[in-house]
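Here is a friendly walk through a structure, from helix packing to aromatic rings and on to a few backbone details. Keep the viewer open as you read.

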Amino acid sequence: MIPISWYLTLSAALFSIGLFGVLTRRNAIAILLGIELMLNAVNVNLAAFWRYGDVNQITGQIFAIIVFAVAAAEVAVGLALVISVYRKKNTVIAEEIDLMKW
Amino acid sequence: MMSFSDFTTILPLVVLTAWACVLLLVDLLIPRNRKGITALFSALGLALTLGLTIAQLGRQGSGFNDMVVLDGFSVFVNALLLVSGLLGVALAYGYVKRMGLERGEYYTLLLFSVAGMMLMAQAADLIVVFLALELLSIPLYILAAFARPKVESEEAGLKYFLLGAFSAGFVVYGIALVYGATGTTALSGIVAAIPSSSTLMLTIGAALILVGLGFKIAAVPFHMWTPDVYQGAPSAVTAFMAAGAKVAGFSALLRIFATAFPSLGSSMSDVLWALAALTMIVGNLIAISQSDIKRLLAYSSIAHAGYILMAFVPFGNPDVRAVSVAAGLFYLVSYAITNFGAWGVVIALEKAEGRGLALDDYAGLGRKYPALAAAMTIFMLSLIGLPPTLGLVGKFYLFRAVIAGGYVGLAVIGVLTSLISAYYYLRVVVIMYMREGEPTTTSEPYLNMTTAFAALVTVIVSLVPAPLFAWASSAVLKLF
């Protein structure tokens, strides 16, 4: 069997790529994609921990389902907000949505 | 198997959620120009739930296989959240009408958000914590953007959403690591499994949860979204968000760290110390240069997150944990009430198109509307922590708890930053009384009631704080 550390490395890499995307991308949609990547990294982790832990305790699986269900709800709201901003400002570039600053 | 007692554990929550779902349907039958009825129904639901919550006083228990818990702590926090919800509805009632935002969803979204916050206070399993976090956040994202197509509000909603979803990613990754380290997500199971689990993974997991919830409570350096969101969102939403989201975030933080991770106390306390100190310093310093009242209150809310965080620093020390939890709860009450009052005054002065929000617009308020100016003075004094207000009593208990925990340096930083904060809070008072101006305000019965209620509570409870503090002291966490 592949050692669990491989899965954890994969998940950490996915999370880091997502994090990098959120911090560097300027497009709101791309930022959203980065966030999704972070959440999916979590799912990889949860599935791996479930499989390598007590297989009869399905906490990890349930949690993974909850995470992607909640992520879907979140994205529905998020895309609605993006569209709403786009209609008004004709842009989804984060730096151009900058009415308020200190 | 589910049993009836599972439901009685979270009875107020069940009632509130069902009420919100039904209200969503009832709202369809209410004509477009009479959405005030929806507001009254939602207030009724909150009041009913508050009654049920109070009836749970003194009861203890857990339900759904220890996923949710009922204890003195949860009852106290739930009562505070429901009062916040009621005040939020009262502030919104006239405001949304005046600003042309009166849509029925406003109140149902608010109810769902309160339900999420209550679930957060009762969560005894990390999965439920995550679920509650999302349930309270998603309605708030929508509410922040509720003034669409006003660009500021949409921008606030989008920023809040992006940062909120980002922080949720941290929380859930942290939870996954804790699950990996201990093999369970139940707080009770985590405590039991800690001695035999990987400390590194557990510590990273706990730190990531702290980062994620740090975004929610707006602690420095995770505060960047706060001023923009608080400024752009409709004021009534901001008032509710500032109080409710903070209370819920802190209650989750407190429950997770105090019940599941007391063994990490020695390594986490330093981090929390730095976080609290940084939040107090940065929040108060940047607030000095603000000329917009909403941004000023946003930075003030960041600074107060720092004060409340002080109560967390000794969480791993069993001797002072009880007194610091009580002090933290007391401070949350004092902050929530004062916050609603201050936002009530802001809403009274705010005009459509975002006018009436500069500090200069408060010039002459003292002469023209002495009652409103007096109320604002009380709230500013309370935010500084001067007598005769709740803010002083709250800070007193808080500093006492911190010193009892052996963190004298942190208490000194707290006192010094309070002194700095006096500068910008008192500036509002000086502008109100010393400068000439012709401010105009809107007088609405529910708004006036909220402001008056907040002012009275701020003063009266500060004179007899013992009963509230006794309640906060008895609101102990159920430990496993």
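At what angle do helix 13 (residues 293–310) of chain B and helix 17 of chain B pack, and how far apart are their axes? In this predicted model, the angle is about 45° and the axes are 9 Å apart. The two helices are therefore oblique to each other. On the helix 13 side, His304(B), Tyr307(B), Ile308(B) and Met310(B) take part, and they meet Lys395(B), Leu398(B), Phe399(B) and Val402(B) of helix 17.

The model has an ipTM of 0.94 and a pTM of 0.95. For chain B the mean pLDDT is 92, with 99% of residues at 70 or more. Within that chain, confidence is highest in helix 5 (residues 105–122), at a mean of 96, and lowest in helix 1 (residues 4–9), at 86.

**Aromatic rings**

Over all chains, the count comes to 26 aromatic pairs. One of them joins Tyr7(A) and Tyr52(A), a tilted pair with 5.8 Å between the centres and 55° between the planes. Tyr7(A) belongs to helix 1 (residues 4–24) of chain A and Tyr52(A) to helix 2 (residues 28–52) of chain A, so this pair ties together parts that are 45 residues apart in sequence. Tyr7(A) is partly exposed, at a relative accessible area of 31%, and Tyr52(A) is partly exposed too, at 29%.

Another pair takes us back to helix 17 of chain B. Phe330(B) and Tyr397(B) sit edge-to-face, 5.1 Å from centre to centre and with 75° between the planes. Phe330(B) is part of helix 14 (residues 318–349) of chain B and Tyr397(B) is part of helix 17 (residues 390–404), so parts 67 residues apart in sequence are tied together. Phe330(B) counts as buried, with 0% relative accessibility, and Tyr397(B) counts as buried as well, at 11%.

Rings also gather across the two chains: Phe15(A) is linked by ring pairs with Phe166(B), Phe170(B), Tyr173(B), Phe215(B) and Phe222(B) into a cluster. Elsewhere in chain B, Arg103(B) lies over the face of Phe146(B), 4.5 Å from the ring centre.

**Two residues and their surroundings**

Is Ala252(B) buried or exposed? Ala252(B) is buried, because its relative accessible area is 2% and the cut-off for buried is under 20%. This alanine is placed in helix 11 (residues 235–260) of chain B. Beyond its neighbours within four places in sequence, Ala252(B) is in contact with Met120(B) and Leu213(B). Its C-alpha atom is 16 Å from that of Ile190(B), a residue 62 positions away along the chain.

Lys351(B) has its place in the loop between helix 14 and helix 15 (365–368) of chain B. This lysine is partly exposed, with a relative accessible area of 23%. Leaving out neighbours within four places in sequence, Lys351(B) is in contact with Met99(B) and Thr440(B). The C-alpha atoms of Lys351(B) and Tyr95(B) are separated by 9.7 Å, although the two residues are 256 residues apart along the chain.

**Backbone details**

| Feature | Residues | Angle |
|---|---|---|
| Cis peptide bond | Arg148(B) and Pro149(B) | omega about 10° |
| Cis peptide bond | Pro387(B) and Pro388(B) | omega about 0° |
| Positive phi, not a glycine | Asn65(B) | phi about 55° |
| Positive phi, not a glycine | Ala218(B) | phi about 65° |

Pro149(B) is in the loop between helix 6 (126–144) and helix 7 (151–182) of chain B.

Asn65(B) is exposed, with a relative accessible area of 72%, whereas Ala218(B) counts as buried at 1%.

Note on methods: Residues numbered from 1 in each chain as written. Chains lettered and ligands numbered in written order. Predicted model: local features only at pLDDT ≥ 70, side-chain atom pairs only at ≥ 80, totals over all residues. Heavy atoms only, no water. Phe/Tyr/Trp six-rings, centres within 6.5 Å; stacked < 30°, edge-to-face > 60°. Helix = DSSP H or I, 4+ residues; strand = E, 2+ residues; numbered from the N terminus. Buried < 20%, exposed > 50% of the residue type's maximum accessible area, 1.4 Å probe, protein only. Lys NZ or Arg CZ within 6 Å of the ring centre and 35° of its normal. pLDDT = per-residue confidence, 0-100. Contact = heavy atoms within 4.5 Å. Axes fitted to C-alpha atoms, helices over the stretch in contact; angles between N-to-C directions. Parallel < 35°, antiparallel > 145°, perpendicular 65-115°, else oblique.
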